Amino acid sequence: MSEHFSPTKYLIAGCLALSPLTANASNLAATADGQAIAKVLSEYGGPDKPALAITLLQDGKVIYENAFGNANLEYKVAATVDTKFQVDSLAWEFIAAAILMLEDRGQLALNDDIRKYLPEVPDFGKKISINHLLSSTDGLYGYRVMKSLGGWESTAPERYETILPFINGQKTLNFNPGEAFSPGGDTRFVLLMKIVERVSGQAFDTYAKENLFAPLNMSNTLFLTETSEPVTNVAVPYLADAKGTYKTTHAGGKAAGPIDLYTSIRDLSLWRAAMSAPVPGKKSLADRLNVPVRLDAGNVVRDISGISTYGQLHAGLERGISKFYRTGNSGGYASSIFHFPEQNVTAIALSSGLAYNGSYAMRIASVVLKTHFTEPETIDYAGIAAVEVPPELLRKYAGSYWNRQRAISARVHVKDGVLHYSRTEGTDGRASIPLSGSVFQLKIDGDDKYTIKFVDKKEGRDMHFIMGNSDPLVFESYTPVSYPESALAQFAGTFYSKELNSSFVLETRDGLLTARNLRVGTVVFKPMTADIFSGNKDFMGSIKFNRGKGNEVTGFQIAVDEVRGLEFTKIPTGDDGKLRHL
């Protein structure tokens with residue numbers, strides 16, 4: 001018998017055992033905790049707001065669950081705990097759960113080569129395993145960036161069949177599978193869903209319904225597909241304009257599988273309750289979902305913003321205690337989950353008119369966690385012992401820094417003898433406290449500890465940006481350059497990608513270098529250093545120009561996290577100015 005979780009049997013058992021989920025919720029209102037929660041949520045406002053739904057669980061039981069505002073502002077339809085919301089990246093946990101169920105049943109192994117189930121995926125000369133997909137260490141291009149670079153901005157839900165050509169066009173991997181981590185990988189979810197379909201013989205939405213949702217009576221939860229019936233009892237998504245007036249929007253244009261999950265706060269309460277129910281003698285699904293992601297060498301991935309677990313949650317600390325969390329937003333929808341494993345407390349927020357709703361979930365969780373926190377709500381910077389750093393060393397660290405793959409620039413400067421860090425030009429940014437001659441703690445509101453560490457190299461230096469105990473986000477020092485418009489002309493021309501059968505026209509305009517594609521609009525570039533530019537759109541956040549033997553510009557490479565090294569070749573022109581064939 002497998003030592004792992006037996007999915008359907010124990011999900012159903014857990015559901016029956018926990019069916020009176022809200023039995024304690026009404027008793028909370030009269031307590032001090034209940035009044036504190038009510039005070040937090042009263043800040044959301046009156047009934048003229050879009051929907052907000054909240055749940056709070058402790059030891060697998062719902063102690064608070066409620067909905068506020070309107071599912072439909074035009075028709076004044078009040079939101080309820082059964083109102084459906086699109087939950088963006090909170091859907092990733094269910095994709096992972098489906099894979100882990102199949103593993104438990106012996107129908108696949110995480111170490112299996114994905115080509116065992118998806119033989120049409122190219123052989124890149126390196127094995128890509130299911131584990132690599134779950135861990136975002138696969139090295140495949142991100143399909144959303146490839147879509148934009150390919151000039152494909154369709155709002156229709158993507159399917160495996162429409163994303164496969166982008167994979168087939170990839171010539172080399174971003175990195176060897178298992179040797180690096182990509183915080184922005186998204187192709188992997190489409191592949192994981194297709195593997196579930198190939199192994200189970202069912203459409204993914206059907207498999208999820210029968211094996212994940214129905215056993216827990218999650219009747220308001222479904223993955224949306226192109227053939228799905230219209231979603232009923234759903235919150236209409238809104239965005240507020242500059243005057244605070246709510247306008248309807250939509251959350252389309254994303255892959256149907258990876259994020260197009262609709263669910264209610266009541267259903268998510270059922271799910272999290274089941275995940276909190278221990279199964280004697282078994283390794284539960286929750287345990288498997290909480291397994292930390294690792295590189296093949298065994299290193300635990302502690303990315304500053306990416307996933308930390310098979311369940312696709314990020315691991316961190318909140319005032320000294322462990323937490324798993326994820327937030328997402330799409331159109332007007334926003335979703336947040338915060339889980340504190342040692343205290344077995346979970347708070348979830350869903351909304352249809354906020355860009356971020358995590359503060360509500362975090363604050364109501366804090367009400368029941370107040371006696372568990374080991375650190376204050378804000379850091380007492382006056383109590384941190386600062387070391388004395390010579391002024392000349394501070395001046396040495398001052399300058400410009402750049403993380404190419406995530407297209408993030410930073411600036412360090414000295415003001416009144418204090419080192420400051422900023423990511424926006426023209427601002428003082430955050431003052432710092434020197435902890436040593438090379439490590440500085442930034443003064444930031446809240447309880448999160450941010451430090452920067454300077455590391456000298458043979459040429460220049462790196463700056464490591466660290467949040468808590470995360471792996472460092474490495475910034476390289478650089479000397480900014482500027483090009484007069486006459487010099488920018490060397491980068492102009494038409495550039496073509498054979499892999500994507502797509503081209504961009506680069507031209508100078510008002511002293512700026514721009515890239516234009518009829519389908520995805522115009523990207524405006526800012527020079528960072530020689531031949532390296534940062535773009536104002538994510539899919540071209542960083543590009544590096546290539547040069548030939550005569551120092552002429554021959555093309556450029558995309559250098560962002562999701563697509564590393566994809567080349568666009570400059571198309572030569574004849575004496576008549578017309579483009580030649582490559």
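The following legends describe close-up views of a predicted model.

**View 1. Model confidence along the chain.** The average pLDDT of the chain is 89, and 90% of the residues score at least 70. Residues 1–24 have a pLDDT below 50, and this stretch makes 52 contacts in the model beyond near neighbours in sequence. The pLDDT is also under 50 over residues 252–257, for which the model has 19 contacts beyond four places in sequence.

**View 2. Strand β1 and its two pairing partners.** Strand β1 spans residues 52–58 and is mostly covered, with six of its seven residues buried. Seven bridges connect β1 in the antiparallel sense to strand β13, which comprises residues 345–351; within this pairing, Thr-55 has Ile-348 as its bridge partner. Strand β2 (residues 61–68) is likewise joined to β1 by seven bridges and runs antiparallel to it, with Ala-67 as the bridge partner of Ala-53. A hairpin is formed by β1 and β2, with two residues between them. In the turn, Asp-59 adopts a positive phi of about 55°.

**View 3. The largest nonpolar core and a separate core.** The largest nonpolar core contains 78 residues, and Ile-195 and Trp-271 have the most contacts inside it. Helix α4 (residues 92–104) contributes the largest share of this core, namely 10 residues. Beyond its neighbours within four places in sequence, Ile-195 is in contact with Ile-99, Leu-108, Ile-114, Tyr-117, Leu-118, Ile-130 and Leu-133. Another core, of 50 residues, lies apart from it; its members include Ala-365, Leu-442, Tyr-450 and Met-467. In soluble globular proteins, nonpolar side chains tend to be buried together.

**View 4. The eight-stranded barrel.** The barrel is closed by eight strands in the order β22-β23-β24-β25-β26-β27-β28-β29, with antiparallel pairing. On average, neighbouring strands of this sheet are turned by 35° against each other, direction ignored. Within the barrel order, strand β25 (residues 521–529) pairs with strand β26 (residues 532–535) over four antiparallel bridges. Lys-526 has Ser-534 in β26 as its bridge partner.

View 5. Arg-509 is located in strand β23, which covers residues 502–509. Its relative accessible area is 40%, so Arg-509 is classed as partly exposed, the range between the 20% and 50% cut-offs. The side chain of Arg-509 makes a polar contact with the side chain of Glu-507 at 3.0 Å. Thr-327 lies 182 residues from Arg-509 along the chain, and the C-alpha atoms of the two residues are separated by 38 Å.

Note on methods. Residues numbered from 1 in each chain as written. Predicted model: local features only at pLDDT ≥ 70, side-chain atom pairs only at ≥ 80, totals over all residues. Heavy atoms only, no water. Pairing = 2+ DSSP bridges. Axes fitted to C-alpha atoms, helices over the stretch in contact; angles between N-to-C directions. Core = buried A, V, L, I, M, F, W, Y, C linked by side-chain atoms within 4.5 Å. Buried < 20%, exposed > 50% of the residue type's maximum accessible area, 1.4 Å probe, protein only. Contact = heavy atoms within 4.5 Å. Polar contact = N/O pair within 3.5 Å; in protein donor to acceptor, adjacent residues only side chain to side chain. pLDDT = per-residue confidence, 0-100.
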